[in-house]
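Biologist: Before we discuss any detail, could you bring up the model, so that we can go through it together?

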Amino acid sequence: MKSQSLRHKKQTNWILALPMYIFSLIFVVIPLIYVIILSFLTRDETWGVVNEFTLSNFIRIFDKVYLKTFLDSIQLAVLTTVICLLLGYPFAYFMAKLKSKWKNICMLLVVVPFWTNALIRIYGWIILLRTKGILNEFLIGIGILDKPIKILYTYPAVLIGMVYSLVPFMILSIYSSVEKMDWTVVEAARDLGATRFQAFWTTTLKMTLPGILSGVILVFVPSVGLFFISDLMGGGKVMLLGNLIKNELMVARDWPFGAALSIIMMCMTLIFIGLYRKVTHTKDLEGL
């Protein structure tokens with residue numbers, strides 16, 4: 001009787017999970033296989049691809065031009081992640097310690113940007129940062145500047161756009177860890193003579209490390225491929241990996257090479273996710 005109940009339960013679970021498997025197969029597995037196969041094919045001289053196996057698409061990535069794009073993308077992603085961490089950690093930490101009313105208000109302020117279209121928000125920054133924009137007019141009005149400075153369509157403008165778009169992910173990830181902290185451990189460290197900084201460094205930082213790593217993943221990975229921010233705020237002057245993939249697929253029509261770049265980008269993502277899982281798993285084992 002018991003075995004029949006377990007068998008029935010397994011069948012029910014399998015039936016309930018079937019739509020998810022079908023969805024994953026159609027929209028994840030099959031497109032991924034197609035991209036992988038496409039990355040090893042040869043571009044046709046006129047249009048489309050030729051069914052000839054080649055590794056040249058991956059070898060081309062090591063050309064100086066493309067390698068520089070990779071390095072520039074990683075550099076911008078690292079800067080974006082560091083700035084988001086420096087801004088997001090204090091905000092998330094103090095937000096978690098607020099009373100319920102103010103905590104909800106702060107959470108609302110963090111979440112509200114997700115209710116509006118990302119392009120609209122980026123255009124808002126364009127209005128602020130352009131030469132005759134609000135920021136330059138304000139700085140000239142209070143006497144800090146004599147003439148407008150060019151901020152828009154520069155590297156710092158792209159960095160501002162990246163940080164603005166991705167810092168909520170860092171805040172929410174760290175907030176989740178801080179909210180679940182065992183504050184008695186911090187109090188114990190203080191009772192044993194640790195200073196505020198020592199208690200933070202030895203207890204708080206370690207307990208919130210999973211949130212930090214999760215935030216780093218959620219910020220670093222998208223910042224490599226957010227091509228629309230560099231297009232709009234960089235004026236096409238800042239070339240990132242996402243821009244390169246878009247240009248190869250839509251402009252140059254070199255689909256095999258664009259697919260190869262996409263595979264490399266996906267591998268980078270998987271490496272970071274693997275490191276995250278390894279670090280968090282190690283931390284969990286140490287906690288046991």
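Modeller: In this predicted model, a residue is called buried when its relative accessible area is under 20%, exposed when that area is over 50%, and partly exposed in between.

Biologist: With those cut-offs, is Thr 203 buried or exposed?

Modeller: Thr 203 lies in helix H9, which covers residues 196–207. Leaving aside neighbours within four places in sequence, Thr 203 is in contact with Val 185, Val 186 and Ala 189. Its relative accessible area is 10%, and because buried means under 20%, Thr 203 counts as buried.

Biologist: And how does Ile 142 count, at 46% relative accessibility?

Modeller: Ile 142 has its place in the loop between helix H6 (134–141) and H7. Because the value of 46% falls between the cut-offs of 20% and 50%, Ile 142 counts as partly exposed.

Biologist: What distance separates the C-alpha atoms of Ile 142 and Val 224?

Modeller: Val 224 is one of the buried residues of H10, whereas Ile 142 is in the loop between H6 and H7. The two are 82 residues apart along the chain, and the separation of their C-alpha atoms is 37 Å.

Biologist: How far apart are the end C-alpha atoms of H10, and what span should its 17 residues have?

Modeller: At 1.5 Å a residue, and with the expected span taken as 1.5 Å times one less than the number of residues, the 17 residues of H10 should span 24 Å. This agrees with the separation of the end C-alpha atoms in the model, which is 25 Å.

Biologist: At what angle do the axes of H3 and H10 cross, and what is the handedness of the crossing?

Modeller: The axes of helix H3 (residues 64–96) and helix H10 (residues 209–225) come within 9 Å and cross at roughly 140°. The contact is made by residues including Ser 73, Ala 77 and Cys 84 of H3 and Ile 212, Val 219 and Phe 220 of H10. By class, this contact has 11 nonpolar, four polar and no charged residues. As for handedness, the crossing of H3 and H10 is right-handed.

How values were computed
Residues are numbered from 1 along each chain as its sequence is written. This is a predicted model: local features need pLDDT of at least 70, side-chain atom pairs count only at pLDDT 80 or more; totals for chains, interfaces and linings use all residues. Side-chain values use heavy atoms; hydrogens and water are left out. Axes are lines fitted to C-alpha atoms, for helices over the stretch in contact, and angles run from 0 to 180 degrees between N-to-C directions. Helices (H or I, at least four residues) and strands (E, at least two) are DSSP runs, numbered from the N terminus. A crossing is left-handed if the near helix is turned anticlockwise from the far one by less than a right angle, and right-handed if clockwise. Contact means heavy atoms within 4.5 Å. Ala, Val, Leu, Ile, Met, Phe, Trp, Tyr, Cys and Pro count as nonpolar, Asp, Glu, Lys and Arg as charged, and the others, Gly among them, as polar. Buried means under 20% relative accessible area, exposed over 50%, partly exposed in between (1.4 Å probe, protein chains only).
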